[in-house]
Amino acid sequence: MIHSLLIKNFQTHRKLLLELDPQINSIIGRSDVGKSTILRALKWLALNKPSGDEFIHWDSDYVRVRVQVDEHEIKRERAGGENCYRLDGNKYSSF
């Protein structure tokens with residue numbers, strides 16, 4: 001289960017850290033504040049969608065999404081032409 005989610009420079013979120021309950025979580029808020037962006041960031045981390053770089057915050061040159069799952073850390077980063085995953089600190093490049 002996911003324990004925490006960190007999103008940096010993904011669409012509307014400059015920096016968002018969510019500490020998640022192991023049982024159930026709800027994301028609520030006004031319209032157009034980034035609730036769906038959280039789901040898109042998870043989709044980018046897990047499925048490499050969306051592709052491209054139009055989801056990077058307009059005034060940033062990198063994007064990062066990190067989740068803590070049980071005792072593991074999964075991180076996806078895109079910066080300076082590099083697009084990679086990290087699993088527990090080990091780096092894996094994506095194309």
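Is Asn83 buried or exposed? Asn83 is buried, with a relative accessible area of 12%, where buried means under 20%, exposed over 50% and partly exposed in between, using a 1.4 Å probe and protein chains only. This residue, Asn83, lies in strand 5 (residues 82–87). Its side chain makes a polar contact with the side chain of Arg76, at 3.0 Å; such a contact is a pair of N or O atoms within 3.5 Å, and within protein one must be able to donate a hydrogen and the other to accept it, while residues adjacent in sequence count only if both atoms are side-chain atoms.

**About the model**

This is a predicted model, in which local features need pLDDT of at least 70 and side-chain atom pairs count only at pLDDT 80 or more, while totals for chains, interfaces and linings use all residues. Residues are numbered from 1 along each chain as its sequence is written, and side-chain values use heavy atoms, with hydrogens and water left out.

The pLDDT is the predictor's confidence in each residue, from 0 to 100. Its mean over the chain is 90, and 98% of the residues reach 70 or more. Helices (H or I, at least four residues) and strands (E, at least two) are DSSP runs, numbered from the N terminus.

Six strands form an open sheet in the order 2-1-3-4-5-6, with antiparallel pairing; two strands pair if DSSP finds at least two bridges between them. Strand 2 and strand 6 stand at the edges with a single partner strand each, so one side of each is left without a neighbour in the sheet. From one strand to the next, the twist averages 10°.

Some facing residues can be picked out. Leu6 stands opposite Arg66 in strand 3. In strand 4, Arg78 stands opposite Val63, and Ile74 is the bridge partner of Val67. Strand 3 and strand 4 form a hairpin with two residues between them, and Asp70 in the turn has a positive phi of about 50°.

**The helix and the core**

Helix 1 lies across strands 1, 2, 3, 4 and 5, running at about 100° to strand 1; axes are lines fitted to C-alpha atoms, for helices over the stretch in contact, with angles from 0 to 180 degrees between N-to-C directions.

The largest nonpolar core has 13 residues, and those with the most contacts inside it include Leu5, Trp44 and Val65. Such a core is a set of buried Ala, Val, Leu, Ile, Met, Phe, Trp, Tyr and Cys residues joined through side-chain atoms within 4.5 Å. Helix 1 (35–47), strand 1 and strand 3 each supply at least two residues of this core, and helix 1 gives the most, with four residues. Not counting residues up to four places away in sequence, Val65 touches residues including Phe10, Ala41 and Ile74, contact meaning heavy atoms within 4.5 Å.

**A loop residue**

Ile27 is in the loop between strand 2 and helix 1. This residue, Ile27, is partly exposed, with a relative accessible area of 44%.
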